[in-house]
Amino acid sequence: MLDRREVMKAMGLTAIAGVCGVYPAIATGQSTQMSGSITPYTVPPLPYEYDALEPYIDAQTMHLHHDKHHAAYVKNLNAAVADHLELSRLPVVDLIQHLDRVPESVRTAVRNNGGGHANHSFFWQVMQKNSPGQPKAELAKAIDARFGSFSGFQEQFTKAAMSVFGSGWAWLSLDDKHQLSIETSPNQDSPWMAGRTPILGIDVWEHAYYLKYQNVRADYVAAFYKVISWDFATAQYQLGIKQ
Ligand SMILES: [Fe+2]
């Protein structure tokens with residue numbers, strides 16, 4: 001029976017064990033029990049009802065996004081790692097942080113589908129019903145220091161979300177020098193893959209908004225601010241600055 005530390009050691013990951021503390025706030029649905037049998041990745045349940053984010057994010061979109069799109073990433077990820085027991089035992093963020101350790105034959109599948117699983121597991125939690133609207137305490141101070149003000153942050157984050165060509169994400173992330181940045185990623189790539197901690201992220205794939213907003217991404221991005229869970233973002237920030 002191998003525990004997680006032993007699996008990581010077998011993959012040569014002991015040297016980076018310290019960076020693995022940046023994601024415990026994320027529910028990925030994956031069992032933490034290392035029983036010796038393959039523990040497939042699973043879709044975590046939404047932390048709220050499907051209609052909880054109405055009128056900003058509609059229930060039908062949430063059903064399709066969570067039950068179909070996220071489920072497809074998980075199904076395809078499990079297929080990709082089915083013949084690689086050592087991979088299937090790793091938390092999904094460990095997996096995508098070290099794609100160079102993933103066999104080339106399944107690397108693209110793990111990047112796209114492991115990325116999709118990690119990003120969506122994060123995304124469900126970065127939203128909530130009755131959002132407080134703005135960050136508080138230490139994250140609010142850090143945002144003000146970096147972007148001048150909350151509205152300064154909003155302006156830059158919106159610009160980033162609107163700039164993604166095709167499918168991808170916009171993020172507020174923290175680097176290893178504890179500097180906040182706004183960045184974008186194509187497809188299902190993420191700050192994790194570059195060694196940074198995501199604090200906040202918006203999915204700007206059309207499947208995230210097309211049913212309600214059609215091609216008007218700007219309205220969807222504006223609505224996203226109404227559902228941000230700043231408590232979750234703050235928890236991510238607190239984890240990041242401990243690294
Ligand atoms: Fe999505």
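In this predicted model, four donor atoms sit around the iron ion at angles of 90 to 133 degrees, and that makes the arrangement tetrahedral, since all angles have to fall between 85 and 135 degrees for that label. The donors are His65 (NE2), His120 (NE2), Asp203 (OD) and His207 (NE2), at 1.9 to 2.1 Å from the metal. Reading along the sequence, their spacing is H-x54-H-x82-D-x3-H.

Thr61 lies in helix H2 (residues 59-81). Once you skip its neighbours within four places in sequence, Thr61 touches His207, Ala208, Leu211 and Lys212. His207 is also one of the iron donors.

Now for a helix pair. Helix H6 (residues 137-147) and helix H10 (residues 230-241) have axes that come within 9 Å and cross at roughly 80 degrees. That angle is why H6 counts as roughly perpendicular to H10. On the H6 side, the contact uses Glu138, Leu139, Ala142 and Ile143, and these meet Trp230, Ala233, Thr234, Tyr237, Gln238 and Ile241 of H10. Sorted by type, the residues of this contact come out as seven nonpolar, two polar and one charged.

Technical notes: Residues are numbered from 1 along each chain as its sequence is written. This is a predicted model: local features need pLDDT of at least 70, side-chain atom pairs count only at pLDDT 80 or more; totals for chains, interfaces and linings use all residues. Side-chain values use heavy atoms; hydrogens and water are left out. Axes are lines fitted to C-alpha atoms, for helices over the stretch in contact, and angles run from 0 to 180 degrees between N-to-C directions. Helices (H or I, at least four residues) and strands (E, at least two) are DSSP runs, numbered from the N terminus. Angles under 35 degrees count as roughly parallel, over 145 as roughly antiparallel, 65 to 115 as roughly perpendicular and the rest as oblique. Contact means heavy atoms within 4.5 Å. Ala, Val, Leu, Ile, Met, Phe, Trp, Tyr, Cys and Pro count as nonpolar, Asp, Glu, Lys and Arg as charged, and the others, Gly among them, as polar. Donors are N, O and S atoms within 2.8 Å of the metal (3.2 Å for Na, K and Ca); water is not among the atoms, so sites may look incomplete. Four donors count as tetrahedral if all angles lie between 85 and 135 degrees; four count as square planar and six as octahedral if opposite donors are over 155 degrees apart and all others between 65 and 115; anything else is irregular.
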